[in-house]
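This report looks at charged side chains and aromatic rings in one model. The text follows the structure below.

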Amino acid sequence: MKRMADLVMSICGLLVLAPVFLMVAAMIKHDSAGPVFFRQERIGKGFRPFRIYKFRTMVQDAARRGGLLTATGDPRVTTVGTFLRRTKLDELPQLINVLKGDMSVVGPRPEVRQYVEMFRSEYETILTIRPGLTDLASLKYRDESVLLAGSDDPEERYVRDILPDKLALARQYMRRSSLGFDLLLILRTLWRLFPGGAAEATDLPKGSPSAEAATTHRFRHHL
């Protein structure tokens with residue numbers, strides 16, 4: 001049932017958004033040299049690797065100029081790329097991954113192999129389902145690049161604080177997963193694309209009992 005819904009939404013999305021794809025492609029080609037799409041290996045269901053599709057937002061040789069993470073102000077990000085990242089338009093080509101069966105519309109966000117191996121025991125459970133375009137972590141960490149920009153060591157901050165919380169949110173999603181809950185997450189994601197829809201804290205207040213418990217309370221309230 002979920003796979004059928006994914007197929008319908010990905011096909012409809014690609015057809016309806018075809019003019020947007022063409023417009024964004026023209027903007028990228030006009031702004032900087034390089035391909036329209038960015039492809040990167042991610043780890044999917046059953047630890048099967050796949051190539052994720054995004055609109056390219058960085059200079060062509062970005063991988064040689066820096067690491068895997070991108071913080072706000074990263075000089076590798078192009079002018080058009082800054083706009084695409086802010087509006088999340090760079091994520092639209094992942095509808096192709098959904099159509100191919102690599103991903104679902106809703107599910108834990110796919111990670112690169114390096115971080116999956118760091119938390120392999122956690123991913124043994126999480127990767128029993130397809131990764132998705134959006135999930136609870138996508139909502140909470142919509143402005144992840146801003147958080148990383150405020151850290152002296154972005155990768156250390158990501159591995160120590162952000163990724164473990166994302167894994168907790170992935171486990172929460174798996175416990176509550178249903179077509180109805182997926183629909184709520186999709187609607188919430190669409191709402192947050194509009195100005196004023198993203199006003200939600202990304203850090204837990206000090207003294208919170210746990211990231212998972214506090215996040216559960218927050219999303220039960222909002223959803």
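Glu 156 is partly exposed at 35% relative accessibility, and Arg 160 is also partly exposed, at 48%; buried means under 20% relative accessible area, exposed over 50%, and partly exposed in between (1.4 Å probe, protein chains only). These two residues are four apart in helix H10 (residues 154-176), so about one helical turn separates them. A salt bridge here is a side-chain nitrogen of Lys or Arg within 4 Å of a carboxyl oxygen of Asp or Glu.

The model is predicted: local features need pLDDT of at least 70, side-chain atom pairs count only at pLDDT 80 or more, and totals for chains, interfaces and linings use all residues. Residues are numbered from 1 along each chain as its sequence is written, and side-chain values use heavy atoms, with hydrogens and water left out.

The whole structure holds 18 salt bridges, including those in the table.

| Salt bridge | Closest N to O distance |
|---|---|
| Lys 100 and Asp 102 | 3.9 Å |
| Arg 120 and Glu 117 | 2.9 Å |

Asp 102 is buried, at 7% relative accessibility. Arg 120 also lies over the face of Phe 47, 4.1 Å from the ring centre; the criterion is CZ of Arg or NZ of Lys within 6 Å of the ring centre and within 35 degrees of the ring normal.
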